[in-house]
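Please keep the sequence and the model in view while reading.

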Amino acid sequence: MAVRTPDPDPEPDDEGLGAFGGSGPAPAANPGWLSDIELEEARRRLPMLYVEAIPVRTDGSGQVTEIGILLRSTPLGEITRTIVSGRVRFGETIRDALFRHVENDLGPMAFPLLPPQPLPFTVAEYFPIPGVSAYHDDRQHAVSLAYVVPVTGTCEPRQDALEVTWFTPEAAASDAVAAEMEGGRGTLIRHALASLGLLR
């Protein structure tokens, strides 16, 4: 099964400007966006920087009660589970990239609570060759900063996400859920739970 680190669809202001559909130059309205040809060239030469977010719900004392995992349909028609993920654009702060991808995948009413100082709980390296690390992306070498992000609003998945399934921490760490996760992200979920002191 081909496993990929998902790319976000072009933002509304990127559409029709060569963002993904064409092979022209990066759009003037968003100089941080790459055309298809530029992206493929960059992927052959450089590691790509990503942010990944594991959405959680907490109780009144701040204890994590649920982990949100996306159900997604691949271009090949396969159903997999994954987390919020996407590239950091040139000139974009990590905080802005994280907020943008949470909103893109979970909708504008998710109301994420980003920490004052966004420090990842881990850094994951995705390689195109399986077995180099726990994480795999057949297109590229990607370096991903991974975050746990509490959300307080209503999550309405967008783009290619079909739904958000909320799991207890115990269920999210299970082998059954890990087997459905793409690219080794079951390991990433377990690292997140361990960083929260919830891995038993």
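The model is a predicted one, in which local features need pLDDT of at least 70 and side-chain atom pairs count only at pLDDT 80 or more, while totals for chains, interfaces and linings use all residues. Residues are numbered from 1 along each chain as its sequence is written, and side-chain values use heavy atoms, with hydrogens and water left out.

E92 is the salt-bridge partner of R100, and R100 is also buried, at 10% relative accessibility. A salt bridge is defined here as a side-chain nitrogen of Lys or Arg within 4 Å of a carboxyl oxygen of Asp or Glu. Side chains of opposite charge can pair when their charged atoms come close. How many salt bridges does the structure hold? The number is 10, and the table lists some of them.

| Salt bridge | Closest N and O atoms |
|---|---|
| E180 and R81 | 2.6 Å |
| R100 and E92 | 2.8 Å |

The bridge between E180 and R81 links distant parts of the chain, since E180 belongs to helix 4 (residues 175–180) and R81 to strand 3 (residues 79–82), 99 residues apart. Helices (H or I, at least four residues) and strands (E, at least two) are DSSP runs, numbered from the N terminus. Within this pair, R81 is buried, with a relative accessible area of 12%, whereas E180 is partly exposed, at 39%.

E41 and R44 lie 3 residues apart in helix 1, so about one helical turn separates them. R44 is exposed, with a relative accessible area of 61%, and E41 is partly exposed, at 27%.

The interior can be described through nonpolar cores, each a set of buried Ala, Val, Leu, Ile, Met, Phe, Trp, Tyr and Cys residues joined through side-chain atoms within 4.5 Å. The largest such core has 26 residues, and those with the most contacts inside it are I54, I67, I69, A172, L188, I189 and L193. At least two of its residues come from each of helix 1 (36–45), strand 1 (48–58), strand 2 (64–73), strand 5 (122–127), strand 7 (142–150) and helix 5 (185–195). Another core, of 18 residues, lies apart from it and includes V88, L98, V149 and V164.

Which residues of helix 5 are buried? They are R185, G186, L188, I189, A192 and L193. Seen down the axis of helix 5, these buried residues fall within an arc of 160 degrees, so they line one face of the helix; the arc is that of the directions from the helix axis to the C-beta atoms. Leaving aside residues up to four places away in sequence, L188 touches E52, I54, I83, F121, T122, A124, Y126, Y135 and A146, where contact means heavy atoms within 4.5 Å. Just after helix 5, G197 adopts a positive phi of about 75 degrees.

F99 is part of helix 2 (residues 94–106) and is partly exposed, with a relative accessible area of 36%. Beyond residues up to four places away in sequence, F99 touches P112 and L114. The C-alpha atoms of F99 and L114 are separated by 7.7 Å, the two residues being 15 residues apart along the chain.

Note on methods: Buried means under 20% relative accessible area, exposed over 50%, partly exposed in between (1.4 Å probe, protein chains only).
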